Amino acid sequence: MLNAWVAAIRRRVEDAWIRPERSQTPLRCTVYVTLAPGGAVLSARLGTCNGDAAARESILAAVYRASPLPMPRDPADFVSHLRFLFEPGA
Amino acid sequence: MSVRRLSVPLVLLSAFALAHASLEVPITHGVHAATPIAVVPFARSVPGAPAGHLARVVADDLRRSGLFRLLPRADILQRPTHAAAVNFLNWQALGMDYLLIGRLEADPHGGWRVLFRLFNVPARRQIMAYVVHTGPGALHTAAHTISDLVFHRLTGIRGAFDTRIAFVAALPTLHGRRYALMVADYDGHDPRPIVRSHMPLLSPAWSPHGHRLAYVGYRDGHQILYVQTLATGRRTIIAARAGLDDTPAFSPGGRRLALTLTPPHGNAAVYLYDFASGKTVRVTESPNIATEPAWFPNGRHLAFTSDRGGSAQVYAKTLPSGRSHRLTFHDHYNADAVIGPHGKHLVCVTRLADELRLARMGLGGGWRLLTPGPLDDSPSLSPNGEMAVFTYLDGKRRGLATVALHGRAIVPIPLHLPPGASVGTPAWGPWTGGRSSGTQP
């Protein structure tokens with residue numbers, strides 16, 4: 001199921017995201033990610049993002065560190081374009 | 001219909017399908033942990049130049065901040081000196097998020113040029129490149145400048161590594177104890193005596209731009225307050241009344257000095273000295289002890305230690321004549337507070353089970369012990385509020401260390417003093433403007 005796949009990706013990326021320690025105004029960042037078959041991250045591009053340079057860098061590092069992302073159980077569920085919405089505390 | 005007209009709606013349809021085919025993944029948590037970074041020993045173009053030392057200073061700076069996890073030098077097996085030589089896969093395999101490489105060159109106009117590059121390892125891209133110019137003999141300062149630039153880029157917080165501390169050293173000699181008021185880089189590099197005395201010196205305090213130091217000295221057996229200009233060495237006496245003057249603190253605007261005055265037959269109280277008028281005004285009204293004043297960054301409130309509640313606690317009052325209210329409630333002894341640069345938290349000395357330790361208290365709530373004791377004392381905050389310098393028991397004497405307010409780094413400051421020497425009352429100086437300059441290449 002799609003939900004299970006999203007949950008698995010989310011766990012992988014959340015484990016890989018080392019957030020700068022200091023608290024900052026509510027962060028909301030969109031990242032457009034393209035996957036290769038097999039889950040490797042081919043590209044990650046920041047969209048709308050209200051974070052400072054440090055936050056943006058940590059988000060990009062997280063997405064690439066999480067690569068290769070887990071694959072869905074059913075290969076037909078695979079989608080190559082993902083849109084991450086980083087919104088901690090939401 | 002022509003093929004061309006058909007193709008337009010087909011293109012629109014594909015884009016529409018693509019947008020819908022983009023799967024949204026919410027990310028609502030991360031890990032609050034130290035950021036992993038590798039600082040590779042810098043290359044040198046001049047044989048014998050201390051390039052490796054530069055990287056060590058930067059790594060030590062980042063480590064002291066508590067916000068970074070440094071790859072141990074023993075695990076650094078490759079030493080790329082150019083961007084093309086960086087093998088991102090290897091650094092990622094070591095768990096690194098960031099990589100710093102650099103190169104030291106002699107500046108044809110005298111002094112040094114230090115080039116460095118910072119990479120986001122998983123993203124495999126360079127995110128920063130700078131050239132730092134510095135005078136001869138100032139390489140250590142250049143390293144601190146690099147630390148400031150990297151720290152700010154990766155945390156969003158202004159770095160405070162190119163700063164200095166003042167402290168008192170007590171040195172045993174054949175003729176008895178001698179005292180020196182010292183100024184050094186915050187990490188203990190290049191300590192220099194500012195004042196020397198046979199009598200005790202105490203409680204240095206920096207003026208807001210770092211040009212002057214207030215401190216307590218003795219003259220004719222009386223404890224008096226001096227303010228000394230660092231550039232000239234000239235000093236003036238602020239207060240030479242009967243009684244003991246202590247714990248000076250410059251106001252954020254530099255126009256006033258808060259101090260503790262203990263009259264010959266009475267309890268200590270907090271006073272304000274105005275530089276322009278030369279007048280001293282009493283601030284705390286209670287007949288109980290009030291001491292150790294500390295300014296809030298807006299210059300309108302003063303924190304101080306008082307025992308009016310039965311034991312030492314930290315209070316605050318609005319100047320000039322607002323009522324005092326109590327700030328600390330944990331346990332039975334809280335003293336020697338310093339206020340963070342945003343006025344939102346304080347660091348103080350707290351006593352737990354007969355041990356003195358540093359604690360951080362959020363003024364809106366929150367309490368965290370910072371150091372383990374048994375005799376941690378005299379905190380002073382870095383100008384960005386991210387670290388504190390304090391005294392601790394080092395064997396039989398007292399030494400200095402820094403503690404990070406976030407993270408867990410507690411690191412002694414090497415001072416290379418003679419055996420038996422002891423130190424006290426450190427004060428962390430303000431930002432004074434870069435002593436070396438950085439430009440993007």
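Two strands are taken to pair if DSSP finds at least two bridges between them. Strands themselves are DSSP runs (E, at least two residues), as helices are (H or I, at least four residues), and both are numbered from the N terminus. With that in place, strand β26 (residues 355-362) of chain B pairs with β27(B) in the antiparallel sense, over 3 bridges. Here Met361(B) stands opposite Trp367(B) of β27(B).

The model is a predicted one, in which local features need pLDDT of at least 70 and side-chain atom pairs count only at pLDDT 80 or more, while totals for chains, interfaces and linings use all residues. Residues are numbered from 1 along each chain as its sequence is written, chains are lettered from A and ligands numbered from 1 in the order in which they are written, and side-chain values use heavy atoms, with hydrogens and water left out.

The β26-β27 pair belongs to an open sheet of 4 strands in chain B, ordered β24-β25-β26-β27 with antiparallel pairing. Its edges are β24 (334-339) and β27 (367-369) of chain B; each has a single partner strand, so one side of each is left without a neighbour in the sheet. From one strand to the next the twist averages 25 degrees (axes are lines fitted to C-alpha atoms, for helices over the stretch in contact, and angles run from 0 to 180 degrees between N-to-C directions).

We turn now to the interface. Chain B and chain A each bring 34 residues to the contact, defined by heavy atoms within 4.5 Å. Between them the chains bury about 3,200 Å², with 56% of it on carbon and sulfur atoms; buried area is the accessible area (1.4 Å probe) that two parts lose on being put together, summed over both. In chain B, Leu23(B), Val25(B) and Ile27(B) lose the most area to chain A, together 22% of what that side buries.

Strand pairing also crosses between the chains: strand β4 (residues 81-86) of chain A and β1(B) pair in the parallel sense over 5 bridges. Within this pairing, Pro26(B) of β1(B) is the bridge partner of Leu85(A).

Glu57(A) forms a salt bridge with Arg125(B), and the closest N and O atoms are 2.9 Å apart. Several elements of chain B each supply at least two residues to the side touching chain A, among them α1 (3-21), β8 (125-134) and α4 (139-155). The most comes from β1(B), with 5 residues.

Key. A salt bridge is a side-chain nitrogen of Lys or Arg within 4 Å of a carboxyl oxygen of Asp or Glu.
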